[in-house]
Each structure stands twice: as C-alpha cells, then as structure tokens.
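Me: I have a structure to go through. Can we take the loops, then a pocket, then a helix?

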Amino acid sequence: MENRKEEFLKIVCESYLIVILAVLPLYYIPWNGYYKLGDTKYYLYRNVSLLCQGIALLAMCVFAVSSRWTGEHRIFARSLAEVVKKSVDKCRTHAVTTAVCLYGICALLSAICSPYGSIAWNGEREWYMGAVMICLMIGGFLLTAKYGGSCKTAIWLGEAAFVAVTLIGLLQKLGYDPLGLLKGYVVGDWEFTHMLTTLGNSNWLSGYYSVMFPFSMTLFHRAVEAGKKGPTLLAGTCNMLAMMLLLLQGSDSGVIVACTVMGVCFWLDRKQTGHWEVYFLFLAAVALGMCRWGKWMLYLGTFDILLQDGIAKKLAAWQGWIPVAAGCLLLWGACRRIPENKKKILQEGVLCCALAGIAVVLAWYLHRLLVIDFAEWGNRRGRLWQMAWMGFRKGNLHQKLLGAGPDCFASYLGELLPGGTVLFDKGYFEGSVFTNAHNEWLTTLVNMGLLGVAAYAAVFITALQTYRKNFLAVLLLLTYGIHSLISFQQVLNAPLFFLILGLCEAAARGEKTKTNQMDTDEELLEAI
C-alpha cells in the first residue's frame, strides 16, 4: 500500500513539475499575443496547482484512511509531550521546510487581518501575488520536497523550455517573430521594444532567468564535472545564448543576473580542477557571440528593436568584446599550461582583481547616487523605495508586525500618500499605479510586516545553511536573492524559485536517507 501511494504521488509531482517548468514559460494564447499575458500564465499556474496539489492531498487522505492502524499510525494514543517532542525534532531536522511553512502562515495571518478583503487573498489584477498564490507556492515546495527526488524528465523538459524561450527572444532581436507575438505593433511602440519572447517585458524576463539561468548553469557544471565533452558543449552553447539574451534584453537587472551567476560559478568551483578553463572558454564564446550579434543586427538594421532607455544598444555596439574574448582565451591557456601548485596563485589573483573591480564599480555607483536625486534612480525605483519605507514607518503596530496584507502595497499606500503610487504623469506609464516597490524585501515589509520579512529571510538563511554543499541551491539562492533587491515576485519567478528549492530539499533528504542506510549497513556488518 505504501509503495503504491509513493508511486502515484511521484507521478502527480512529476506531472506538476513538467507543466510549471516546461509549459508555463512557453504558454500564451495565440490570438492575444502579449495582451493579458500575465493573467494567462497566472490562471494556468493556479488551476494546475489546485488540481495537482488537490489530487496529492486527497490521495494522502485516502491512503491514510485505508491503511491499517498499526502502532505507527496510532498518533492519538501518544502522549501530548511525545507529539510536541516529535514536532520539535522534525522542525530541527527540516529547517527549510519549517521556514517555508512559517512564511505561508505569515501570509495567511496577514490576509486574515487585512482590511483590504479580497485583494489580500487574490492579489492585484495582473499580479495576483495574494495569500492564495503564496499558499500554492508553499504547496508546490512541499509536494516537490517530498516526491520530487526522481523527476528527471521534468528537469530536462524544463531545460528544453528555457532554451526555446531564449531562442525566441534572440530571433526577435534580429527582427523575426516566429510566434507572431508582436503582431499589431510597429517600430516605436513600447511593446515592440520592451516585450520579449513568451515571458513579457524585460523585468519579467529577468525574473524568470534569475531562477532558470542558475538551474541551466548547474546542468552545465555537472556536465563539466562528469568530463563528458558532448553534453558540456551542448549545455555550454545553450547557456551562452541565454547569457547573450540577458545582455541584449535591455534591463540592468538582466545584466546583474548574468554577472552574479558567472561570479558565483567561479567562486564555487575555485577548488575544482579544470572548471575554470571551461568557464574562460565559455566567456570567450559569449564575448565573440556578442561582437558578432551586434554586427549582424547592424547589417539587418534591427537596432530599433532594442530598448531605447536601457543599456542594450551600448552592449551590442561595444568595441571591447574582442579584447575581452582575447583576455579570456589568454587566461584559459594559462590555466592549462601552468602546474597545479601555481594555478591557485592565478585563481587568487583573478578573484582579487574581480573583487577589486566590483568594489570600484560599487564605489562609483554610490558616488553617483550621492550627486543625483535618489528618487529618480533606477527609473524612479528610488521614489518607490522611499514610499515603501514611509508607509512602514507611518503604520501602527499591527501594520508593522503583519503588514497591510499580501499584494496590498498599492491599496495601503494609496490611502496613506497623496497621489498613491503613481510615479509618471506622462509617457507610456502615465497614471499607472505601481503595486510593488521593485524590491521584494521592501514590498514584503509593507505587505506582510516584520514577521513576513523575518520568515522570508529565514527561508534564505536556513536554505544556505542546509544546502551549502549543493551547487544549484547556493547559485539559486544568491542569484535570486541579489535580483530580489531590485525586482518583484511574479508568476514566472517566485513559484519556480520555491519549486526548485523543493528539488534541493528532496535531494538533501535523499542524501540523508542514503547516509542513514550506509550507517545501518555498517552497524549490521559490525554485529555480524
């Protein structure tokens, strides 16, 4: 009976992962194009999540009722002290799961106590990041953590969808629209220059890549680790194209995702033989690809497709790509030729130079912030941050602890501040109401208060501690965490983040089971 339950729930879990990782990013209604794309993806995610998680929950209940009441199942016969002790032990053993559940509990408490009614539960129109969405994300994590340990098909289909999304975006940059998503728009329209592939605008694209680029680079890392040239070449090519799209899509946040992923990969593999050489070759290929792509776009006359207010044109036309490629090839040759005992000196030198470069860029950026109006920084992100902090400071004790309610940012600040969260009085965003601070932590502070921020931070802290030896987990947490400072939760990043975190939890539980089995086998051998 137990085996049947496990097999059935694994099938449900894998089906769920396939839809969310592989179907959701590519899903759109052909005759709608980009119109209400966020709504389209949310309804798919919500309906599939309710169906699969509902089936899983129902199956668990049915199997529990039909199981024979052995001593193991008679939980009501235990003393209260024993139940409490077991619960505490489980919380210690599964710290990440506990933190994720606490985040969900905070969302429920915040929604229950919110004065904004249905908005706190369903979320704002076109965003839908209310308590229902958060609970579905938590449910996805729990389902994947328990039954996602062997879902290899879903992983590879998710990677295939990631590559497809990347190719569609790159083709659009060359002036080809294979899916007809830009039908009805002309050069000069905001949608024509800002909407990409089947994901939406550049902020949504960067959010998706903050989860899936670490996922894809982990597959590349494992191919390198296994020493398989074919998979390494294939995975490297796919990630090279993905990195090029991040550099060409026009948002600074996409460039930050690309740089963070590469920086963390170099750091995590600093002690691995042969990995840095592959990464230098990878970066050389990206640089040469960017150089060629810029010339190709000039030849085709498609520079108008790039963003007018971003850095994409500068990167596409930059003359420094050839020197960058040459430098990477030089470092690749040096890593291959110098002895292993001296390679560490080279790696330390490269890391020191990289850290020094980051420090210089940060110092320059901070100096620039001091001499400009902070409210105008980041396409008026600075103003949104100021509004969020002001809203938190002016709130009462209830607001400070539990917030206004999930996704109630605009409703709360609309009552508190003159003009609400409207930032622009002309242009494409004239009169638009912003429903988040473009910073997940400030948004959570306003929506779910200090308790919500503490629970969300606990997810990252416990996960980094628990999965510190898991390449994917560390890369995902750092990339998504850094990107969260300048972006927001939406249907294409937050649910995928919790799902992949669930896969990391499933892997950790699998490793623990293997270790316990080995310990048991050793004890048996000793007894014999």
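Reply: Fine. This is a predicted model. One place to start is Y128, which sits in the loop between α5 and α6 (131-147).

Me: What is phi of Y128?

Reply: Phi there is near 60 degrees, a positive value in a residue other than glycine. Most residues other than glycine have a negative phi.

Me: Is Y128 buried or exposed?

Reply: Y128 counts as buried because its relative accessibility is 8%, and the cut-off for buried is under 20%.

Me: And T197, where is that found?

Reply: In the loop between β1 (195-196) and β2 (200-201). T197 also has a positive phi, about 45 degrees, and is not a glycine. Its relative accessible area is 0%, so T197 is buried.

Me: How do the lining residues divide into nonpolar, polar and charged?

Reply: 20 are nonpolar, 9 polar and 11 charged.

Me: Last one, α18. Which of its residues are buried?

Reply: In α18 (residues 409-416), the buried residues are F409, A410, S411, Y412 and L413.

Me: What do they pack against?

Reply: The buried residues of α18 pack against α5 (118-122), α16 (377-394), α17 (397-402) and α19 (440-466).

Conventions. Residues numbered from 1 in each chain as written. Predicted model: local features only at pLDDT ≥ 70, side-chain atom pairs only at ≥ 80, totals over all residues. Heavy atoms only, no water. Buried < 20%, exposed > 50% of the residue type's maximum accessible area, 1.4 Å probe, protein only. Helix = DSSP H or I, 4+ residues; strand = E, 2+ residues; numbered from the N terminus. Contact = heavy atoms within 4.5 Å. Nonpolar A, V, L, I, M, F, W, Y, C, P; charged D, E, K, R; others polar.
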